[in-house]
Amino acid sequence: MSAIPRPPIPYETRYEFEEEGEQETCAQLLHTLRGISTTTYADSGHATRSVHAKSHGLLRGRLQVLDNLAPELAQGLFSTPGAYDVVMRISTIPGDILDDNVSVPRGMAVKVLGVPGTQLSSLEPDNGEPAASTQDFVLVNGPAFLAPTAKKFLGSLKLLAGTTDKVPRLKQALSTVLQGAEKALEAVGGESATLKSLGGHPETHVLGETYYSQAPILYGAYMAKVALVPVSPELAALTGAPVDLDGKPDGLREAVAAFFARHAATWETRIQLCRDIDSMPLEDASVVWPEADSPYLPVARITAPPQAGWSEALSRAIDDGMAFSPWHGVLAHRPLGSIMRVRKAAYAMSARFRFERTGNIVREPRDLDHFPAS
């Protein structure tokens, strides 16, 4: 018989504290990210994201908040039952567009449209019209962040930045070696986030992954992490499933398109509430919050119907025309901790870099009326 979890802890400002030299860290982070974008733009003539540049799935869906949520779960966006259109972008972490044989961690960005509540910030120009109200969740397929703090993250990012514009074939060869090392480690019950981040991620289907916020957010009166879990049978069957990438530089994209040509997909949005600030800290994003003490609990479902999955038209609309950020959202879900604080300026810089060069108007979508069908 499992123990009843202790109640969630209400947020207090004292749980957050600025890291020493955090402003300088943020400045160096922006410099490093801009360097990645500048390099890839010079190579390709096309402005892409500083990280998570390559998309593998571009989807539309519908988020349905569950009925009869417990009071501690009925917070912010999830405070009342309702349905919202969503845009979903599946990607991998590098800032350059690589062959999928360079297998690295995957990301899922979700933009929820028409969300009630006061917005945290907006990239949109002041044209006299109220900005569209959205809530973004930026997720990665691992329960905790690679680095504990912003300063440590900067060191990891510099390592990643150093591989930008290097020989693609060498990256593929290195990835093969790292995948073998990771497979051997997992065979004895371990795993390495570092090996995965450098190219050792197993070649598995991107749709079978569980995606996590990794760093915490405000959850109304409380603090929480977010997860998106595949639950429809066809989707859940892809968890850990191998995908053939041999001779397929865009094999992940092709796998997503093949799935959505025949199937719908449903994910469950789950929340892990902070119930012990010592074992579930805000300022060390590398700590996996123990699920034995605070399980992830369902608050909503996202369903995506059969659709194209990826296309050039969708890429122009989403890759080129949209920005995703943990800081696109409502006050009730403000990002928490040093990793999230430095992300605010980083995501804004990356979006400005792209939009200044593509000529796109910086504007959050209000609806999916003009969303490409294919």
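Guide: We start with a term. A salt bridge is a side-chain nitrogen of Lys or Arg within 4 Å of a carboxyl oxygen of Asp or Glu. A search of the whole structure finds 17 salt bridges. Keep in mind that this is a predicted model.

Visitor: What makes Arg6 and Asp276 a salt bridge?

Guide: Their closest N and O atoms are 3.8 Å apart. The cut-off is 4 Å, so the pair counts.

Visitor: Why does the pair tie together parts of the chain?

Guide: Arg6 lies in the segment before helix H1 (22-44), and Asp276 in the loop between S8 and S9. These parts are 270 residues apart in sequence, so the pair ties them together.

Visitor: Is Arg6 buried, exposed or partly exposed?

Guide: Its relative accessible area is 45%. Buried means under 20% and exposed over 50%, with partly exposed in between. Arg6 is therefore partly exposed.

Visitor: How do you know that Lys111 and Asp136 form a salt bridge?

Guide: The closest N and O atoms of Lys111 and Asp136 are 3.0 Å apart. That is within 4 Å, so the label holds. The pair links distant parts of the chain, 25 residues apart: Lys111 sits in strand S3 (residues 106-113), Asp136 in strand S4 (residues 134-140).

Visitor: Why are Lys111 and Asp136 called buried?

Guide: Lys111 has 0% relative accessibility. Asp136 has a relative accessible area of 2%. Buried means under 20%, so Lys111 and Asp136 qualify.

Visitor: What about Glu268 and Arg270: what makes them a salt bridge?

Guide: Their closest N and O atoms are 2.7 Å apart. With a limit of 4 Å, the pair counts, so it is a salt bridge. Glu268 is buried, at 10% relative accessibility. Arg270 is partly exposed, with a relative accessible area of 24%.

Visitor: Which residues are linked in a network of salt bridges?

Guide: Glu16, Glu22, Glu283, Arg334 and Arg341 are.

Visitor: How many disulfides are there?

Guide: The count comes to zero. A disulfide needs two cysteine sulfur atoms within 2.5 Å.

Visitor: Why are Cys26 and Cys274 called buried?

Guide: Cys26 has 13% relative accessibility. Cys274 has a relative accessible area of 0%. The limit is under 20%, so Cys26 and Cys274 count as buried.

Visitor: What makes S7 and S8 paired strands?

Guide: Two strands pair if there are at least two bridges between them. Strand S7 (residues 222-230) and S8 have seven, in the antiparallel sense. Ala224 stands opposite Leu273 in S8.

Visitor: Which bridges join S8 and S9?

Guide: S8 and strand S9 (residues 297-304) also pair in the antiparallel sense, over seven bridges. Thr266 stands opposite Thr303 in S9.

Visitor: Why is S8 called mostly covered?

Guide: S8 spans residues 265-273, and eight of its nine residues are buried.

Visitor: Which residues touch the most other members of the largest nonpolar core?

Guide: Leu207 and Trp267 do, in a core of 61 residues. Leaving out residues up to four places away in sequence, Leu207 touches Ile90, Pro230, Leu235, Leu238, Val256, Phe259, Phe260 and Trp267. Apart from this core lies another, of 12 residues, including Ala109, Val138, Leu314 and Ile318.

Technical notes: Residues numbered from 1 in each chain as written. Predicted model: local features only at pLDDT ≥ 70, side-chain atom pairs only at ≥ 80, totals over all residues. Heavy atoms only, no water. Core = buried A, V, L, I, M, F, W, Y, C linked by side-chain atoms within 4.5 Å. Buried < 20%, exposed > 50% of the residue type's maximum accessible area, 1.4 Å probe, protein only. Contact = heavy atoms within 4.5 Å. Helix = DSSP H or I, 4+ residues; strand = E, 2+ residues; numbered from the N terminus.
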